[in-house]
Amino acid sequence: MGHPRIYPTGTTLYNADTAWSGYTIFPSAKGALLIDMRGNEVQLWAGLDGFPNKILPGGYVFGSSGSRAPQYGYQDQLDLLQVDWDGNIVWKYEQNEHISDPGSNPRYVARQHHDFQREGSPVGYYAPGLEPKVDSGNTLILVHKEITNSGISDKILLDDRFIEVDWKGAVIWEWLPNEHFDELGFDEPAKNLLFRDPSVVATGRGDWLHINSLSTLGPNKWYDAGDQRFHPDNIIWDARNANILAITDKKTGKIVWRIGPDFNETPELKKLGWIIGQHHLHMIPRGLPGEGNLLVFDNGGWGGYGSPAGTSRYGINSVHRDYSRVTEFNPVTLEIVWEYTAPKAGFADNYRFYSPYISAAQRLPNGNTMITEGSDGRIFEVTPDYRTVWEYINPYYSESLGGVLNMVYRAYRVPYEWIPQLAVPKEESI
């Protein structure tokens, strides 16, 4: 047997005196699900997919009506929707590309994946004084685009295109990473491998970078002190397959800050340690504890391109680590400011905290951090001294990644006042 056969679900722990209480939104097998701190389901937008779901002030929620079949559009969402409390569509983006997938009617689709941001909020979660707009403003969206670039590979590549659209859906800015290949820091073994196999997926396209987060930096102390790399409009992003974390200058298009793909490159990077297969890199917004530092869910697992070695016979996924960490670090010195690992939380083994894919971290106004340990469907909140003060296990399972899983891509906590449709619940510890 060797392991339990029964697992608790829902809210398993809640310290009402220490947690930062509010509502939590996450994509479930039922749809976009909103829960209170005790795990009560207070609203469900049934059938609304989320890659991810995000809440806006006034009880609006982002999501999509579905995704393309994976053999035709790898992780492509059909559209990006903003719906109201009752599920009525108040904004839609789908004008990115016209498709004709077999078995489906020809139509325009967004091809959105992994992330987006509405103007007003740099990172898409609550920060005092930085609220996303609900009835106007631009939206920054991560979308897919097939491209050919013989300087990278002789295969068709799935490029992670950044676009900004206005309220009517017109593209007013775009950036394509393949056009900045020489700025990404790949060595010759990695370039040779990318040319031969740029992580080809079911569509036959090379998912060479697999960018999974993008956000603006927002107002920050580094720019205030004169460091132009951290202009509030610049875009911060990370590439999971390449172990790259970077900032793009929105005005010039150049990459002005980057760490990875080689974390042995400098003494500072060696001290920071390898960041592998990461998700949800962002700058902690102004008004929150740790503002200006970078926060990332460092998955571990597998990632990178390089020479064959160890667990990588051909050089794809050239580095490997069987545990995760959440790391907050200074973007100038690369010094670690705070870090969550299993040993720091009191466990003897690193692997007790491990999600090799998806996942996220959100800094809360009281200094706590909410962590989405995605592969296990676990969302939890920890204090700066690593005490867990809230924990929720997703009770809903779906067929995903070849198995029956309760995985959660990313969760967000918002204040009670963002949901005026509901009375503030009674906060009782569990």
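Author: What follows starts with one serine, then turns to the overall fold, the cavities and a pocket.

This is a predicted model. Take Ser324. Ser324 sits in a loop. Is Ser324 buried or exposed? Its relative accessibility is 0%, so Ser324 counts as buried.

Which backbone atoms lie by its side chain? One is the backbone oxygen of Asn299, 2.6 Å from a polar atom of the Ser324 side chain. Another is the backbone nitrogen of Ser355, which lies 2.9 Å from a polar atom of that side chain.

Now the setting. The protein has 31 strands and three helices. Its radius of gyration is 21 Å, close to the 22 Å given by the globule rule for 430 residues, so the protein is as compact as a globular protein of that length. The C-alpha trace spans about 60 × 55 × 50 Å along its principal axes. Of the 430 residues, 57% are buried. Among contacts with a separation of 6 or more, 58% join residues 24 or more positions apart.

Next, the empty space. A probe the size of a water molecule, rolled over the atoms, shows where such space is left. There are three cavities of 30 Å³ or more. The largest cavity holds about 80 Å³ of space. Its lining includes Lys54, Ile55, Leu56, Phe116, Gln117, Arg118 and Trp418. Strand E5 (49–56) and strand E11 (112–118) are the elements that give two or more residues to this lining. By class, the lining has seven nonpolar, three polar and two charged residues.

Last, an open space. The second largest pocket has a volume of about 590 Å³. Its lining has 21 residues. Nearest the centre of this pocket lie Tyr7, Glu373, Asp376, Arg378 and Ile393. Strand E28 (388–393) and strand E30 (403–405) each supply at least two lining residues. E28 gives the most, with three. The lining of the second largest pocket divides into 13 nonpolar, five charged and three polar residues.

Technical notes: Residues are numbered from 1 along each chain as its sequence is written. This is a predicted model: local features need pLDDT of at least 70, side-chain atom pairs count only at pLDDT 80 or more; totals for chains, interfaces and linings use all residues. Side-chain values use heavy atoms; hydrogens and water are left out. Helices (H or I, at least four residues) and strands (E, at least two) are DSSP runs, numbered from the N terminus. Buried means under 20% relative accessible area, exposed over 50%, partly exposed in between (1.4 Å probe, protein chains only). A polar contact is a pair of N or O atoms within 3.5 Å; within protein, one must be able to donate a hydrogen and the other to accept it, and residues adjacent in sequence count only if both atoms are side-chain atoms. On a 1 Å grid over the protein atoms alone, a cavity is a set of points where a 1.4 Å probe fits but cannot get out, and a pocket is an open set with protein on both sides within 12 Å along at least five of seven lines; lining residues have an atom within 4 Å of a point. Grid points are joined across faces, edges and corners, and a volume is the space filled by probe spheres set on the points. Ala, Val, Leu, Ile, Met, Phe, Trp, Tyr, Cys and Pro count as nonpolar, Asp, Glu, Lys and Arg as charged, and the others, Gly among them, as polar. The radius of gyration is taken over C-alpha atoms; the globule rule is 2.2 Å times the number of residues to the power 0.38. Contact means heavy atoms within 4.5 Å.
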